[in-house]
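Trainee: I would like to learn how to read helix packing from a model. Where do we begin?

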Amino acid sequence: VLTFAGLSAVQDLVGLKSTRHLSLCAPAAIWAGSVFLYRDVAVLAHYLVDVATALFIFTLVGLPVLAMATHLLRRVLHRGGSSQSSKQPART
């Protein structure tokens, strides 16, 4: 899911019609990054113990809470900006 979200963001940023070309390059980039970042077992263990736990907690708790807060804020701002007198009655 995160890979698809990243590819969709790059697609929107660059203006591509599809993610087909990006999906061919993404696995190679992820593999090269993993070889570069995790050279030995000690570095990987440090990542899993210290970083991954906080990342998982933020992903499972922080992002949904942030999404709900953003939704609530947008609803409040949208409701405050519209007035009842500007709405027109529905046509039948």
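Mentor: Two packed helices are described by the angle between their axes and the distance between the axes. Here, take helix 1 (residues 2-14) and helix 2 (residues 20-37): their axes come within 11 Å and cross at roughly 125 degrees. Bear in mind that this is a predicted model.

Trainee: Which orientation do helix 1 and helix 2 have to each other?

Mentor: Angles of 65 to 115 degrees count as roughly perpendicular, those over 145 as roughly antiparallel. The crossing angle is roughly 125 degrees, so helix 1 and helix 2 are oblique to each other.

Trainee: Is the crossing of helix 1 and helix 2 right-handed or left-handed?

Mentor: Right-handed, for helix 1 with helix 2.

Trainee: Which residues of helix 1 and helix 2 meet?

Mentor: Helix 1 brings Thr3, Leu7, Val10 and Gln11. Helix 2 answers with Leu22, Ser23, Ala26 and Ile30. By class, this contact of helix 1 with helix 2 holds five nonpolar and three polar residues, with no charged ones.

Trainee: Let us take one residue. Is Gln11 buried or exposed?

Mentor: Burial is read from relative accessible area, and under 20% counts as buried. Gln11, in helix 1, has 16%, so Gln11 is buried.

Trainee: What is Gln11 in contact with, leaving aside neighbours within four places in sequence?

Mentor: Leu16, Lys17, Ser18, Thr19 and Leu22. Of these contacts of Gln11, Leu22 belongs to the helix 2 side of the packing.

Trainee: And how does Val43 count by accessibility?

Mentor: Between the 20% and 50% cut-offs, a residue is partly exposed. Val43 lies in helix 3. Its relative accessibility is 36%, so Val43 counts as partly exposed. Not counting residues up to four places away in sequence, Val43 touches Leu37 and Tyr38.

Trainee: Step back to the whole chain. How many helices and strands are there in the protein chain?

Mentor: Three helices and zero strands. Along the sequence the pattern reads α-α-α. The protein chain has 92 residues, of which 8% count as buried.

Trainee: What is the mean pLDDT of the protein chain?

Mentor: The mean is 81, and 86% of the residues reach 70 or more.

Trainee: Where in the protein chain is confidence lowest, and where highest?

Mentor: Lowest is helix 2, at a mean of 81. Highest is helix 3 (residues 41-81), at 87.

Technical notes:
Residues numbered from 1 in each chain as written. Predicted model: local features only at pLDDT ≥ 70, side-chain atom pairs only at ≥ 80, totals over all residues. Heavy atoms only, no water. Axes fitted to C-alpha atoms, helices over the stretch in contact; angles between N-to-C directions. Helix = DSSP H or I, 4+ residues; strand = E, 2+ residues; numbered from the N terminus. Parallel < 35°, antiparallel > 145°, perpendicular 65-115°, else oblique. Left-handed = near helix turned anticlockwise from the far one by under 90°. Contact = heavy atoms within 4.5 Å. Nonpolar A, V, L, I, M, F, W, Y, C, P; charged D, E, K, R; others polar. pLDDT = per-residue confidence, 0-100. Buried < 20%, exposed > 50% of the residue type's maximum accessible area, 1.4 Å probe, protein only.
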